[in-house]
Amino acid sequence: MHGLVIRNTGSWYTVLADDGTTWEARAKGNFRLRGIRSTNPIAIGDGVTFHAVESEALITDIDDRKNYVIRRATNLSKQSHILAANVDQCFLIVTLCQPETSTTFIDRFLASAEAYRIPVVLVFNKTDLLTSEDDRDFLSAMCRLYETVGYECLCVSAETGEGVDALRERLKGCITLLSGNSGVGKSTLINRLFPHLNLRTSDISDAYNTGRHTTTFSEMFPTGDGGYIIDTPGVKGFGTFDMEREEVGHYFKEIFKTAAQCRFNNCTHTHEPGCAVREAVERHDIAESRYASYLSMLGDKDEDRYRQG
């Protein structure tokens with residue numbers, strides 16, 4: 001039989017079979033012997049072949065993936081963790097307060113998605129908390145920064161409903177991964193979009209102004225119009241995986257475009273003379289925060305910077 005993995009609890013998978021039935025399945029043992037350096041060789045969104053055994057099922061094969069979103073496993077630097085496979089787009093949920101999402105995290109996620117040509121929309125949530133003029137100016141500046149690079153930005157409030165209708169329109173007919181730091185209101189936003197799901201939510205930790213994990217495993221939910229949303233546990237850091245140093249600049253749109261003007265074809269944009277990228281940073285044509293994120297990713301091979309938010 002063939003089906004789609006719609007839920008992953010770590011050792012068990014829920015598979016929606018092509019005939020509409022659902023099965024609780026385990027992975028055949030040899031998946032972990034195929035050289036797949038991943039903590040989860042089977043991911044949400046995978047198409048799989050499985051054999052039914054009484055009330056359970058055994059997954060025996062995985063379809064070829066068209067893409068996937070991958071990061072370095074937090075405690076296992078030589079292994080990866082696949083957030084989702086075969087997605088049409090990603091919505092990265094970010095917040096500017098309670099908690100504040102770092103530009104480093106945003107840029108690392110964007111670069112990793114860019115590597116697999118997965119469109120990303122930045123969704124700025126909790127806009128109802130941005131009450132001062134300075135707060136609203138900061139939001140405008142962040143949107144302007146990423147829109148200038150080439151990313152769509154949506155401003156929403158899961159609390160008040162601001163911007164939610166526009167967000168719902170963008171989900172129609174697509175398989176969409178929702179990701180972000182813990183505490184950015186991902187589950188609350190999904191509940192606002194699809195109240196019948198009634199996902200569990202939690203308050204922000206007052207002591208650290210960070211979120212508590214409320215989603216403990218990954219799951220796909222139908223949107224009712226042929227699409228799906230994929231809800232995943234909150235992510236603290238986003239370490240790149242299997243990305244060579246010379247490739248990193250390719251996944252920053254503005255750096256890749258500007259690099260064509262560098263004196264040397266193999267310019268790393270760190271110290272070489274005639275570097276058009278560093279000149280663009282000095283002119284503020286490339287944002288310093290984006291360049292800093294690029295430099296931090298260059299160090300991923302040698303340092304454990306992926307552990308940082």
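Q: Where does asparagine 125 lie, and why is asparagine 125 called buried?
A: Asparagine 125 lies in the loop between β9 and α2 (133-149), where helices (H or I, at least four residues) and strands (E, at least two) are DSSP runs numbered from the N terminus. Its relative accessible area is 5%, and buried means under 20%, exposed over 50% and partly exposed in between, with a 1.4 Å probe and protein chains only; asparagine 125 is therefore buried.

This is a predicted model, in which local features need pLDDT of at least 70 and side-chain atom pairs count only at pLDDT 80 or more, while totals for chains, interfaces and linings use all residues. Residues are numbered from 1 along each chain as its sequence is written, and side-chain values use heavy atoms, with hydrogens and water left out.

Q: What does the side chain of asparagine 125 reach?
A: The side chain of asparagine 125 reaches the backbone nitrogen of alanine 158 at 3.1 Å, and a polar contact is a pair of N or O atoms within 3.5 Å, where within protein one must be able to donate a hydrogen and the other to accept it, and residues adjacent in sequence count only if both atoms are side-chain atoms.

Q: Why is the pair of tryptophan 23 and phenylalanine 50 called tilted?
A: The search of the whole structure finds four aromatic pairs. In the pair of tryptophan 23 and phenylalanine 50 the ring centres are 6.2 Å apart and the planes stand at 55°; rings of Phe, Tyr and Trp (its six-membered ring) pair if their centres lie within 6.5 Å, with planes under 30 degrees apart counted as stacked, over 60 as edge-to-face and the rest as tilted, so this pair is tilted. The pair links distant parts of the chain, with tryptophan 23 in strand β3 (residues 22-27) and phenylalanine 50 in strand β4 (residues 47-53), 27 residues apart.

Q: Why do tryptophan 23 and phenylalanine 50 count as buried?
A: Tryptophan 23 has 18% relative accessibility and therefore counts as buried, and phenylalanine 50, at 0%, counts as buried too.

Q: What makes tyrosine 68 and tyrosine 116 a tilted pair?
A: Their ring centres are 4.7 Å apart and their planes at 40°, so the pair is tilted. Tyrosine 68, with a relative accessible area of 23%, is partly exposed, and tyrosine 116, at 32%, counts as partly exposed.

Q: Which residue has its charged end over the ring of tyrosine 151?
A: The charged end of lysine 253 sits there, 4.1 Å from the ring centre, and a charge sits over a ring if NZ of Lys or CZ of Arg is within 6 Å of the ring centre and within 35 degrees of the ring normal.
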